[in-house]
Amino acid sequence: MRIQLSGDELLASQNVTGEQIVAYAKRFIGKCTYKLGCQNPNKQCDCSGFIWYVYHHFFPNMFALRTDARGYAKYGKKISKTKLAVVS
């Protein structure tokens, strides 16, 4: 069974903040090399595998996204390019 929640609902359901997710993800900066199809930032990963790994850490029973960009594109809310922002 797949549970469909908005991003805010998902975070609230697990008592997790976006800041906690980002902080966890930042722990892997400089620790892995790129390899297509891999999803373990302690060794090797690609972009979508990294996203899967980080979210699966917080939501192991709920996170059922496919680990490729095509699968991720089906989730979330479409926004215009003018609303994009760079966060550091």
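**Cysteines, a helix and the whole chain**

Visitor: Is Cys47 buried or exposed?
Guide: Keep in mind that this is a predicted model. Exposed takes a relative accessible area over 50%. Cys47 comes to 58%, so Cys47 is exposed.

Visitor: How many disulfides does a search of the whole structure find?
Guide: A pair of cysteine sulfur atoms has to be within 2.5 Å to count. The search of the whole structure turns up zero disulfides. For Cys45, the nearest cysteine sulfur is that of Cys32, 3.1 Å away. For Cys47, the nearest is that of Cys45, at 7.8 Å, and the count of disulfides stays at zero.

Visitor: Is Cys45 buried or exposed?
Guide: The cut-off for buried is under 20% relative accessible area. Cys45 has 5% relative accessibility, so Cys45 is buried.

Visitor: How far apart are the end C-alpha atoms of helix α3?
Guide: Helix α3 covers residues 47-58, which is twelve residues.

Visitor: Which residues in α3 are buried?
Guide: Again, buried means under 20% relative accessible area. In α3, the residues that are buried are Ser48, Gly49, Trp52, Val54 and Phe58.

Visitor: What pattern does the chain follow along the sequence?
Guide: The secondary structure comes to four helices and three strands. Going along the sequence, the pattern is α-α-β-β-β-α-α.

Methods:
Residues numbered from 1 in each chain as written. Predicted model: local features only at pLDDT ≥ 70, side-chain atom pairs only at ≥ 80, totals over all residues. Heavy atoms only, no water. Buried < 20%, exposed > 50% of the residue type's maximum accessible area, 1.4 Å probe, protein only. Helix = DSSP H or I, 4+ residues; strand = E, 2+ residues; numbered from the N terminus. Expected span 1.5 Å × (residues − 1).
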